[in-house]
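Hi everyone, thanks for coming. Let me put the model up on the screen, and then we can walk through it together.

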Amino acid sequence: MYSDVFSLTRILLLFTLLLGAATAARAEDGYDLWLRYPPLEKDIRDQYRPQLQRLVIPKSEQSPTLKAIERELVRGVGGLLERRPVIEERISDDGFVLVATPQSSRDVRAQNFPLKSLGEEGYLIRATTIRGHKGTVVTANSERGLLYGSFHLLRLLQTRSALEGVNIETRPQIGLRVLNHWDNLDRSVERGYAGQSIWDWWNLPDILDRRYIDYARANAAIGVNGTVLNNVNASADSLTPRYLAKAAALADVFRPYGIRVYLSARFSAPVEIGGLDTADPKSPAVQRWWNEKAEEIYRYIPDFGGFLVKANSEGQPGPQDYGRNHAEGANLLARALKPHGGVVMWRAFVYQQDNPEDRAKQAYSDFVPLDGQFDDNVIVQVKNGPIDFQPREPFHPMFGAMPKTPLMMEFQITKEYLGFASHLAYLGPMYEEVLRADTFAAGPGSTVAKVIDGSLHGHRLTGIAGVANIGSDRDWSGSTFNQANWYVFGRMAWDPRLGAEEVARDWLKITFSDNPVLLETGLDMMLASRQAVVDYMTPLGLAHLMATGHHYGPGPWVSDLARPEWNPAYYHRADKYGIGFDRTREGSNAVAQYASAVAARFASRNDVGDDLLLWFHHLPWDHPMPSGRDLWQELVHRYDRGVAAAQALQNQWQSLEPLIDPERFDKTARLLAVQAREAKWWRDASIAYFQSVSKRELPRGSAKPEHSLAYYQQLQFPWAPGH
């Protein structure tokens with residue numbers, strides 16, 4: 001009896017250990033991003049295996065890019081199908097995957113595939129028969145195209161898409177698809193919420209972290225082809241030989257993956273590191289200094305992409321310090337880069353100390369008169385909205401207003417105003433909302449996407465930038481769902497016509513599984529999340545209600561800062577009579593910066609829509625709303641709706657526990673609890689303040705704020721991250 005119990009105990013212990021080992025094997029920490037290659041379901045593997053038995057890549061003088069392609073396909077196919085493909089020199093049987101350009105493969109040339117329209121980065125994936133053998137061809141005009149096509153092939157497997165009869169032709173709609181890192185040389189990250197900078201400047205160039213390669217792989221997989229390594233609030237030291245050598249080491253790592261390095265340039269660098277007494281664009285000495293600096297940079301980095309510049313904004317130096325305009329400043333740098341093929345991305349995020357009547361108008365006022373004055377290797381980088389990455393803004397009026405100048409979209413991937421890394425806010429719907437907005441610049445259908453892809457005004461230089469949310473956290477971005485924002489940025493940068501839902505569905509399949517319950521619930525969560533944040537932070541078109549400096553938490557009461565436009569009170573203008581910023585003809589007339597059809601809609605209280613109502617209109621508290629509520633009641637309702645939505649996200653995630661690995665489930669559950677708690681904080685603090693100025697009673701059934709207004713006003717967060 002004793003021996004039987006002992007044997008049973010041993011069996012149970014062994015079972016427990018095996019179960020623990022299996023669980024540990026399944027545990028994930030998020031590091032792999034969308035490069036996860038766990039085994040697919042058996043029936044799916046059985047379908048794919050006959051089609052992916054052999055990998056054929058021409059071996060003659062194989063380049064670093066072709067080697068990277070081979071490594072990725074072996075790793076991906078081998079992991080997903082639990083069977084490593086055979087590497088062959090030539091097609092010998094069915095089930096081949098041929099990855100080659102027409103120049104490197106006679107078999108590809110013989111097929112006469114239609115590649116001319118695909119440019120240097122596009123690719124074709126096609127099921128075909130070559131010399132009697134059935135297989136799949138990935139082909140392109142360049143190795144970069146092969147790289148992107150190979151990652152797309154793996155994505156087809158990850159999303160369980162059919163390879164039988166596959167016929168995909170795609171090219172990027174936008175040329176420069178760039179991440180902007182707001183990373184500093186001390187490894188702090190401005191508006192970064194996922195740890196330190198991944199660039200270990202101190203140990204570069206001698207020590208190259210494996211993470212640099214994985215960063216390049218992740219970006220290549222979604223089509224990102226450039227990275228700005230340092231903060232737009234730049235240190236001139238970034239352009240010194242010491243740091244150029246470090247940047248060159250990173251460029252060497254990224255090059256096989258089609259990624260070019262860019263640097264943020266400080267406009268006053270000729271003074272700070274060049275020994276000159278001026279940075280005036282008209283000074284021959286300054287011009288000579290930049291020409292020599294460009295030559296030096298290209299000696300370190302032969303394929304250097306160019307400069308990103310923030311000038312005459314938030315205290316940064318710029319051409320206006322010398323009585324020059326933005327075009328003169330941008331052209332100074334552009335002419336230095338031109339012989340080397342570099343570009344200047346000149347940011348339009350500007351506002352001055354003289355407190356214009358409406359901060360939302362200043363970028364347009366500064367730049368639109370300069371249309372046509374920028375050199376042809378300058379692209380003006382414009383934020384998606386006219387203020388500053390708010391949870392919801394109208395599209396920037398500059399889009400469509402500068403037909404002679406290429407404009408580059410700047411989105412924020414990091415969530416400076418959307419709850420940092422803690423809150424779930426899938427930004428795909430925001431990107432889609434902006435890209436599909438109609439500027440009416442050349443009549444109906446003149447979308448923002450057509451402005452930035454060059455098709456509306458015939459520009460060849462095109463670009464889109466995303467302010468990165470990447471840090472040294474093991475999962476790169478502070479949470480699993482934050483990874484989706486990096487992912488959707490890359491996918492929409494390649495094709496701005498993609499829908500947020502389509503990309504979210506792919507991301508869920510790749511990140512978790514294609515379980516129908518998980519997909520349905522996950523999609524509901526992701527697609528509802530951004531609106532939830534808008535509702536509990538800035539409903540009905542309110543903006544910039546965040547606390548001072550760090551932007552963590554509510555601060556609608558702030559009104560005593562040195563510059564009016566730093567104060568939330570400047571934007572909501574609430575008093576006992578009403579709330580909102582009048583940007584109609586009776587107010588700042590910011591609507592006049594849009595095309596007439598758009599201006600008329602925004603200027604109309606009836607046509608502007610609830611989402612942007614208080615952005616463009618100052619209205620009395622009893623203004624009737626389409627819901628049947630008055631404005632005050634609707635405002636409270638939106639705050640309540642946001643809190644309820646945040647709580648619903650928690651509940652939905654809990655229902656998925658059996659379908660998610662424990663590590664990622666637990667971390668996400670904890671973050672959603674933070675979000676629900678902070679949503680209520682936002683709601684209670686904001687309502688407490690607006691009630692204090694409106695003198696209105698809460699609507700029936702709406703809970704009173706948990707604490708007094710004085711309680712919320714005294715909260716301080718001196719060590720908030722990213723500030």
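Let me start with a question: which strands does helix H10 lie across? Before I answer, please keep in mind that this is a predicted model. Helix H10, residues 326-337, lies across strand E10 (306-309), strand E11 (343-347) and strand E12 (378-383). Relative to E11, H10 runs at about 160°.

Let's zoom in on one residue of that helix. Leu-337 lies in H10, and at 0% relative accessibility it counts as buried, because the cut-off is under 20%. What surrounds Leu-337? Leaving aside neighbours within four places in sequence, Leu-337 is in contact with Ala-294, Tyr-298, Phe-304, Gly-306, Phe-307, Gly-342, Val-343, Val-344 and Asn-377. Take Gly-306 from that list: 31 residues separate Gly-306 from Leu-337 in sequence, yet their C-alpha atoms are 7.0 Å apart in space.

Eight strands close into a barrel, in the order E7-E8-E9-E10-E11-E12-E13-E14, with parallel pairing. From one strand to the next, the twist averages 25°.

E11 and E12 run parallel and are joined by four bridges; here Arg-347 has Gln-381 in E12 as its bridge partner. E12 in turn pairs with E13 in the parallel sense, again over four bridges, and Lys-383 has Glu-410 in E13 as its partner. Next, E13 (residues 407-412) pairs with E14 (residues 463-467), parallel and over four bridges, and Phe-411 stands opposite Gly-466 in E14.

How many residues of E12 are buried? Six of the six, so E12 is largely enclosed by the rest of the structure. Both faces of the strand are covered: on one side we have Val-378, Val-380 and Val-382, and on the other Ile-379, Gln-381 and Lys-383, all of them buried.

Let's move on to some helix packing. The axes of H16 (residues 516-537) and H20 (residues 631-655) come within 8 Å and cross at roughly 155°. That angle makes H16 roughly antiparallel to H20, and the crossing is left-handed. Among the residues making the contact are Met-525, Ala-532 and Tyr-536 of H16, and Tyr-639, Leu-649 and Trp-653 of H20. By type, the contact residues divide into 10 nonpolar, six polar and four charged.

H20 also packs with H21 (residues 662-694), at an angle of about 170° and with the axes 9 Å apart. H20 and H21 are therefore roughly antiparallel to each other. The residues of that contact divide into 17 nonpolar, eight polar and four charged.

Last stop, strand E5, residues 133-139. E5 is mostly covered, with six of its seven residues buried. What pairs with E5? E4 (residues 123-130) runs antiparallel to E5 and is joined to it by seven bridges, one of them linking Thr-128 with Gly-135. E4 and E5 form a hairpin with two residues between them, and Arg-131 in the turn has a positive phi of about 50°.

That's my tour, and I'm happy to go back to any part of it.

Key:
Residues are numbered from 1 along each chain as its sequence is written. This is a predicted model: local features need pLDDT of at least 70, side-chain atom pairs count only at pLDDT 80 or more; totals for chains, interfaces and linings use all residues. Side-chain values use heavy atoms; hydrogens and water are left out. Two strands pair if DSSP finds at least two bridges between them. Axes are lines fitted to C-alpha atoms, for helices over the stretch in contact, and angles run from 0 to 180 degrees between N-to-C directions. Contact means heavy atoms within 4.5 Å. Angles under 35 degrees count as roughly parallel, over 145 as roughly antiparallel, 65 to 115 as roughly perpendicular and the rest as oblique. A crossing is left-handed if the near helix is turned anticlockwise from the far one by less than a right angle, and right-handed if clockwise. Ala, Val, Leu, Ile, Met, Phe, Trp, Tyr, Cys and Pro count as nonpolar, Asp, Glu, Lys and Arg as charged, and the others, Gly among them, as polar. Buried means under 20% relative accessible area, exposed over 50%, partly exposed in between (1.4 Å probe, protein chains only).
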